[in-house]
Amino acid sequence: NNESVNMTCICGDITQGGRPAQFAIYRDIVADKSPNTPVYTTTGNHDCPSSSDILDTDWEPYTGNPKTFEIIKTVNGKELIFLFLGMSRYSLGEGGVPYLNDDIDWLEEKLETYRNKRVFVITHLFFPEKAGNFKKIYPNTNWLGGAQLTRLLSLNERYLNSIWL
């Protein structure tokens, strides 16, 4: 109530275990604490079930948005693009496939569309070689790897107008 905030973005892990009761707690907290400011979130690994894919129908009723989506905001006369890339499964490491290939295709199309605008990519998993691993607290199997890492790194390097969070 005391700040001028246009919106809040969350990079996932709004729950510990991806259960509907946990999503409901999140929904109720946002309704209570941020009634006038939109809160946008995408899925993290803890929001995904361990035995199946998370679906928008599991997610959207509690968050108000799909797991992969875009928001366009005008701030001080400048158009800013926010692209949210959500994880679909708890699948990490070299053989992991946490994202749907269709969602990565969507991201690539959007980055190309907005190549001349400021774009913020909001996602949960970081680039191990770019974000660092302070004191090696994360094991190699605990982050994005393999073909999806290679593809997303390529997008990050190709679209220099984008800031990845």
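1. Start with Glu 112 and Arg 115. The two form a salt bridge, with the closest N and O atoms 2.4 Å apart. This is a predicted model. Glu 112 is partly exposed, at a relative accessible area of 38%. Arg 115 also counts as partly exposed, at 37% relative accessibility.

2. The salt-bridge count comes to 10. One of them joins the side chains of Lys 67 and Asp 103, at 3.0 Å from N to O. This pair links distant parts of the chain, 36 residues apart. Lys 67 lies in the loop between helix H2 (56-63) and S3, while Asp 103 belongs to helix H3 (residues 101-113). Both Lys 67 and Asp 103 are buried.

3. Glu 79 and Lys 117 also meet through their side chains in a salt bridge, 2.9 Å from N to O. Glu 79 is partly exposed, at 35% relative accessibility. Lys 117 is partly exposed, with a relative accessible area of 34%.

4. A network of salt bridges links Asp 105, Glu 108, Arg 151 and Arg 158.

5. Check the backbone at Asp 13. Its phi is positive, about 60°, although the residue is not a glycine. Asp 13 sits in the loop between strand S1 (8-10) and helix H1 (20-33). Its relative accessibility is 30%, so Asp 13 counts as partly exposed.

6. Asn 76 also has a positive phi, near 50°, and is a residue other than glycine. Its place is the loop between strand S3 (69-75) and strand S4 (78-85). Asn 76 counts as exposed because its relative accessibility is 78%.

How values were computed. Residues are numbered from 1 along each chain as its sequence is written. This is a predicted model: local features need pLDDT of at least 70, side-chain atom pairs count only at pLDDT 80 or more; totals for chains, interfaces and linings use all residues. Side-chain values use heavy atoms; hydrogens and water are left out. Helices (H or I, at least four residues) and strands (E, at least two) are DSSP runs, numbered from the N terminus. Buried means under 20% relative accessible area, exposed over 50%, partly exposed in between (1.4 Å probe, protein chains only). A salt bridge is a side-chain nitrogen of Lys or Arg within 4 Å of a carboxyl oxygen of Asp or Glu.
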